[in-house]
Structure formats: structure tokens, C-alpha cells
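Dear colleague,

Please find below the structure I am handing over to you. My notes on its salt bridges follow directly after it.

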Amino acid sequence: IGAGAVGVMTAYSLARRGIKVRLLDSQSEAAVACSNVNAGSLGRLGTRTIAHPAQILRLGKAVVLGDPVFRLDFVGMFTSVKFWRFAFPYAFAVLWFPWRHRNEAFSLNNMKWMADVMVEAIEREQVGPVQRGMLLVHMDGMAPPTGPPKEAGHSGTLLTAEEAVQKEPMLADVRERIVAAMELPGHPYAECGETVRKLLKVCQEKYGVDVMYNAPVAGLRDSFGAITSIHLVDDRIIKIPLDEAVVICAGEKAPQLLEPLQVRAPVIGMRGYSVTTKNPPGGPKQMLVLEPEHLYASPYSGGNVRFASIAEFGGGYAPNVATELGRGREAGIQVIRNKVKDNLPQLLSAVENPKDEMCGARPQLPDDQPMVGRAPRFTNLYVNVGHGQFGWQMSGGCAELVAAAMTGETTPCVDPACLSPARFDKFQAPWKWVGGGETPGP
């Protein structure tokens, strides 16, 4: 259930093993929400999670002084049941060092493998170019980059401000603000939405995946620890025999399906925005990341460039087109334009004449790791949700973990139990966790 990057990659991994797959999605095509908005990075710039004391301090600063990345809609947050289900385990994940340390170790040990699975699938099926190259620029008094992230698996070169401007001449206007830069020539990225749609076409034509669009799911029915049927909003019912399984890949909508089954899934939508436009002459030649603004500029092979940023908590998450979202154009998209104006002024005219302005809700879990594997207390229900801002990077590896949980295979994943769907059980009423839960691997 769910045809974003995670759902399509899960269908692909299962279908390649000869498993018959039917994919359901509420939209009229795949990857139109969060998967269509992101910057496309297939690598990660560090192991620090959102569940870190430094992020608490940053959120506090955002409340008082504002922040270039975090935006908080207090009314939307504090009146949301989803927020309060998220807040308590988030505080625990921040304060309990063993949990936080385990999550950071998981990222260090597994992120490159997970990204490599995605890159290999794209190249194997020839569904889109995987581009390489990133320039990470530290500005406005930040400490210089100390080196490429350990989990990146490729080397980087530390550059001075002058050298950074030579690499990307459009940085000349902000030369005096640049502290240093790191060039990562091997850093992979790919346009997510279009690549996912092409991969789904391969799934249908090559591997026989059946796709049902315009099929929003209202809920699941269960009996004695097994899912027996899927109920659609239009009253259609899909029967689930005992020898079949259901995989939830529904992003930030997953709680609507899992919580009624007493599977605690404290997912909230961490909203992000992007502006896509034609890459003008003199535009970026490789992925450009400006910190501390956390502004991504991703030039794609088709001639477009996408600007993406912002982590916004609170508010409604249903619309995915920014201009249809109540405060989208006035707030989120304008922030993107302001970031470009202040940091890449030569590109301002491009973002003022965009091809697309998009908004998507990243499905965020309190400890910044997804829930992957068999759901607690169920024999045929699997979960692959909550990847936050790392869904594109992790979708390939997490799909392999779901397949391994079903087939008994092994994977290179170190400590897959870190992603156990049962780990939030203790944050709900005790009578709901009778029976424990399974870890996401053999």
C-alpha cells in the first residue's frame, strides 16, 4: 500500500524474487507526494539524527529567534494527536543515550549499502541517470567541513572560498561569507519522482506487478493475528488469503492504517518545499548544498534545477502541490525564494519563473529511523514507513529488508533490529503490547 519511492522499491524487490505483487495507491500516478519533492540525494551528510540534544536546542532557538531550516506551526502541532504521539517517544529518544547511539551506529554501518541498492536498481533497469558530484559549502562563521562523512564511502577534497568559486562561479556574490567547502565527486543523486515512475513501469512490464491507482485505503480488517481484507474508501474490498501478505508503505498516512490495529506508529509529516525550474546559464554543475541555510540546488540531466529546503512541523499535509496548500505559496515557497535571493542571487530570476512548486510531508519517526519488517502480533502484516528525509537513500535497502523478512534471506544490514516495528509498543497502553513483536530480519 503506497506507490512512493519506498512502496515502488518494495514492490520491485519482491517481484524480482518471483513474488506476485499488487500495488495500491490513492493517487492517479506514482510518486506524486513526498517522493516528487526531494532534492534527490542518494548519500547522507553525517550520522547525527533529529533525535539529538543539539536539535532540541536548535528547535528552542527556532521558537524564539527563528531558524533557517526548522519552521513551527504551533497551532497545527499542539492540536494534533499525531504530534503528541510523536513527542513523548521523541523526548525519550533524545535523552536515552543508548538508543541514540545505536541509531547513529546503524546509519554509520548501513547507509552506504542502502544507497548502493538504490543506485544499482536504477542502473540495472536503466530508468534514469545517476549523477555524481556535490559541493558542500559552509558559510557565515560555521566551522569548516572536517572531511567526507564516514558512511559516504567516497573521498572528498577540502576547498578554500576561492577554490569553491572556481568550481561554481555563481558563488562569487557570496565569496566573503564562505568559510570553506568540501567537494565530493562521488556523491550520487538522481531525480526521485520521475525515476520512481519509470521503475514502476519496469515492474509492470518486466515483473508483472499489478497496479491499482485511485484506490485510497480506508482500513484493514484482521482476525486472530492475520490481515483478512483491505477496505477501500469507495467500499471496495480486497480479500487477503492467509498465504498472502500486506506491506504498509503509506508514508505519513501510515498511522491511519496501523494505529487501529494497535501497532503504534508515531509518524508525523515533516513538511518540505521545492521549486523546480530550468537551469540557467551559469547555474550549478553539480549538487550544491549551502549550510547553515540547508539549501539544496540539484541540477538534473534534463536541464532542470531543483531548489529544496525547510523542515516544517504542524499544519495539514494532504495537498502535495504547494499552490493548493493554505500557506504554501505565501510561506514555504517564499522561504525558498528568499534563500536563493540571499545566497544565489544570480539564480533569483529562475526561481521567480518556476516549472513546479511542490510540497511534501516527510514521514518522520521520533528516533529518525524507519519501521521495517513484520508488524508485532501479526503473521502477514509488514511495515516499511517513517524514513523522514532519507526515504530516497534508504528505500532500496529497506525494501531488501522487507523481502528478507518474508523469505528468510540474509542481508548485509548490521543490526536490522534497530528498525523493529515493535519498538514503539511501550509508548501505548500496556494491554496493546501483549505478545511482543518481531524484528525485521531472519
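In this predicted model, R102 and D415 form a salt bridge, with 2.7 Å between their closest N and O atoms. R102 belongs to helix α5 (residues 97-125) and D415 to the segment after α11 (391-407), so this pair ties together parts that lie 313 residues apart in sequence. Both partners are partly exposed: R102 has a relative accessibility of 35%, and D415 has a relative accessible area of 30%.

A further salt bridge joins the side chains of K206 and E125, at 3.1 Å from N to O. This pair also links distant parts of the chain, since K206 sits in helix α7 (residues 192-207) and E125 in helix α5, 81 residues apart. K206 is exposed, with a relative accessible area of 52%, whereas E125, at 10% relative accessibility, counts as buried.

K285 pairs with E168 in another salt bridge, the closest N and O atoms being 3.7 Å apart. Here the connection runs between two loops: K285 is in the one between β11 (268-278) and β12 (287-291), and E168 in the one between α6 (161-167) and β5 (178-189), with 117 residues separating them in the chain. K285 is exposed at 56% relative accessible area, while E168 is buried at 1% relative accessibility.

In total, the structure holds 22 salt bridges.

With kind regards

Note on methods: Residues are numbered from 1 along each chain as its sequence is written. This is a predicted model: local features need pLDDT of at least 70, side-chain atom pairs count only at pLDDT 80 or more; totals for chains, interfaces and linings use all residues. Side-chain values use heavy atoms; hydrogens and water are left out. A salt bridge is a side-chain nitrogen of Lys or Arg within 4 Å of a carboxyl oxygen of Asp or Glu. Helices (H or I, at least four residues) and strands (E, at least two) are DSSP runs, numbered from the N terminus. Buried means under 20% relative accessible area, exposed over 50%, partly exposed in between (1.4 Å probe, protein chains only).
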